[in-house]
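Please keep the sequence and the coordinates at hand while reading.

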Amino acid sequence: MTNSRWNYLPLSPEEQKLESDLARRFHKVEPISELLVQRGISSIEEAEKFFHPSLRDLHDPFLMPDMDKAVDRINFAMGAKEKIMVYGDYDVDGTTAVALVYRYLQNFYSEIEFAIPARYDQGYGISMKTIDDAYEAGVKLIIILDCGIKAIEEIKYAKSRGIDFIICDHHVPDPELPPAVAILNPKLEGTTYPCTHLSGCGVGYKLMQAFSISNGLGTAELEGMLDLVAVSIAADLVPMVDENRVMAYHGLKRLNSNPNMGLRAIIRTCGLGGKEITISDVIFKIGPRINASGRMQSGMEAVELLVSRDLKDANRRSLAIDQYNKDRKELDKRITEEANEILTQRGEIDSDKKSIVIYNKDWHKGIIGIVASRLTELYYKPSVVMTLVNGLATGSSRSVQGFDIYKAVDSTRDLLENFGGHTYAVGLSMKEENIPEFTRRFEEFVAANITPAQLTPQIDIDAIIDFAKITPEFVSTLRLFNPFGPGNQKPVFCTRNVKDFGTSKLVGRNFEHIKFELVDDSSGKVFNGIAFNMSQFFDYIHSGQPFDICYTIEENKHHNESGALQLHVKQIQINTHPA
């Protein structure tokens, strides 16, 4: 297991002043005020808004440039009885976006259909064939979600055939934009929209919010679809701040009370029925099943599930998608093993190279993004994994914390046929003969721009506390920090000089995990804990010597006692701070 650097940055003098103001309100739960300041909260009023996210705090959708044009074009299409197509990417963000916009507009208009590209026949985004098919079907307006911001030639072609586009995207745009009727993208240069990190589904929600306001439709119907937005926010790992956090909070409430019929079927299929669903459940259980449809078969099946209004139909579709997910897991495991074998043969495992670029023409296209993530996690280097699709080397890249992989890929754009994405994940394609030069130049850019700190796994510690601080009131207040995600990660605590109570033991099939009972000098209370894959520390711990831990505080749902706590130990350091 790779040791991470533990980072704890005490508050600056300015932050300490804010913290002391907040501490008067949260004096009974001392670390809380420090956690709030770290999240940019500077007043009691902001803290109350943070703890109680309100839909009233969502931004006016008309603050987004082109929103009025987009709504006017939809209203015109409906008035003229034009056929509308809702189109999106085949991943979780794209399919939830299509499901949301299609289902909402379908309540008021029947001349509407949806489409998702076939990953292996059409590839990412809009294609000329899709435009031709839409023209033959009489479509006059395409609302494209979670893609389209770089489809300049395709949208020019569509315009020549009398088809208008409304683009709802959140990927980084180029200076030249497609000739769409409206482009809704919070990352457009010069935009003044307050929340720049919406998911693709989030942009679709803002469009429907504006449509609702324009037509005086009220809010209940649309707010009932926030479960789809919450799934997109969690799965796409967009920052859990600003209105993303508000929508995720209320979407999770919906997931736990009265979810979309398709989501209800997935919840049942993956064994979450009757349990409180968290963002973590969406990331690791719900999202992968939706994604598996587009990876293994067709994203259309995911949308058909998410727009289903019949429970029997939804359950049948959910079981099919669950099987795709099982198949995906097997492929993922095999291809990751093959990738590791290639890297070993090339002598790159312990080399000084700062990046990984790997290509195998026989790998399954739907899995390479996952494999890139696995390699990045394993070796902590920016990674690109490619396979052959329709005659082009097509791949996905993933980055490490703090390094902008979009800029790295952009530096090689003259070698690429297409690319697009975010700071931490980019899709790309190129001619096979360009792979060696791409590999060289990508490594050159990464080596010149990445810092040693970015190549070392890091654990950011929010507060150093002793066990006496972990009171029921503190834990209760800590729950209000949900939902967690980038920009609002689950707080990580460090406690020094803890000791085994004498009852810790090894558990797991191969006794690879440690189940703790821990104490420190601040309190007589014994805390349960679990440390996965850290059995190498057991002999030292069992000797009764002090050590340091960093951990998150979890509710132990497997414990008989309601509200029982468990410390999820992320890492152990042999004590360097003797009492």
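Asp242 has its place in helix 11, which covers residues 242–257. The model is a predicted one, and in it Asp242 shows a positive phi of about 55° although it is not a glycine. With a relative accessible area of 34%, Asp242 is partly exposed.

Asn533, also not a glycine, has a positive phi of about 55°, and it belongs to the loop between strand 17 (523–531) and helix 20 (538–542). Asn533 counts as partly exposed, because its relative accessibility of 45% falls between the limits of 20% and 50%. A further backbone feature is the cis peptide bond that joins Asn482 and Pro483, for which omega is about -5°; Pro483 lies in the loop that runs between helix 19 (472–479) and strand 14 (493–500).

## Helix 4 and its buried face

Helix 4 spans residues 67–79, and its 13 residues reach 18 Å from the first C-alpha to the last, close to the 18 Å expected at 1.5 Å a residue. Which residues of helix 4 are buried? They are Met67, Ala70, Val71, Arg73, Ile74, Ala77 and Met78. Seen down the axis of helix 4, these buried residues fall within an arc of 160°, and therefore they line one face of the helix. In general, an α-helix has 3.6 residues a turn, so residues three or four places apart point the same way.

The cover over the buried residues of helix 4 includes strand 2 (83–88), helix 5 (92–106), strand 4 (139–145), strand 5 (164–168), strand 6 (182–184) and helix 8 (200–214). On the face turned away from the buried side, helix 4 carries the exposed residues Phe76 and Gly79. Helix 4 is followed by Lys81, whose phi is positive, near 60°.

Another open sheet of five strands has the order 7-8-9-11-10, and its pairing is mixed. Strand 7 (356–359) and strand 10 stand at the edges with a single partner strand each, so one side of each is left without a neighbour in the sheet. Neighbouring strands of this sheet are turned by 15° against each other on average, with direction ignored.

Strand 10 and strand 11 (residues 425–430) run antiparallel and are joined by five bridges, and Phe419 stands opposite Leu428 in strand 11. Helix 16 (residues 368–379) packs on the sheet, touching strand 7, strand 8 (383–389) and strand 9 (392–398), and its direction makes about 45° with that of strand 9.

## A buried threonine

Thr412 is found in the loop between helix 17 (405–410) and strand 10 (416–421). Is Thr412 buried or exposed? Thr412 is buried, because its relative accessible area is 0% and the cut-off for burial is under 20%. Leaving aside residues up to four places away in sequence, Thr412 touches Phe438, Arg441 and Phe442.

## The protein as a whole

The secondary structure of the protein comes to 20 helices and 19 strands. Its radius of gyration is 25 Å, close to the 25 Å that the globule rule gives for 579 residues, so the protein is as compact as a globular protein of that length. Taken along the principal axes, the C-alpha atoms fill a box of roughly 75 × 60 × 50 Å.

Of the 579 residues in the protein, 53% are buried. Among the contacts between residues at least 6 apart in sequence, 67% join residues that are at least 24 apart.

Notes:
Residues numbered from 1 in each chain as written. Predicted model: local features only at pLDDT ≥ 70, side-chain atom pairs only at ≥ 80, totals over all residues. Heavy atoms only, no water. Helix = DSSP H or I, 4+ residues; strand = E, 2+ residues; numbered from the N terminus. Buried < 20%, exposed > 50% of the residue type's maximum accessible area, 1.4 Å probe, protein only. Contact = heavy atoms within 4.5 Å. Pairing = 2+ DSSP bridges. Axes fitted to C-alpha atoms, helices over the stretch in contact; angles between N-to-C directions. Expected span 1.5 Å × (residues − 1). Arc of directions from axis to C-beta. Rg over C-alpha atoms; globule rule 2.2 N^0.38 Å.
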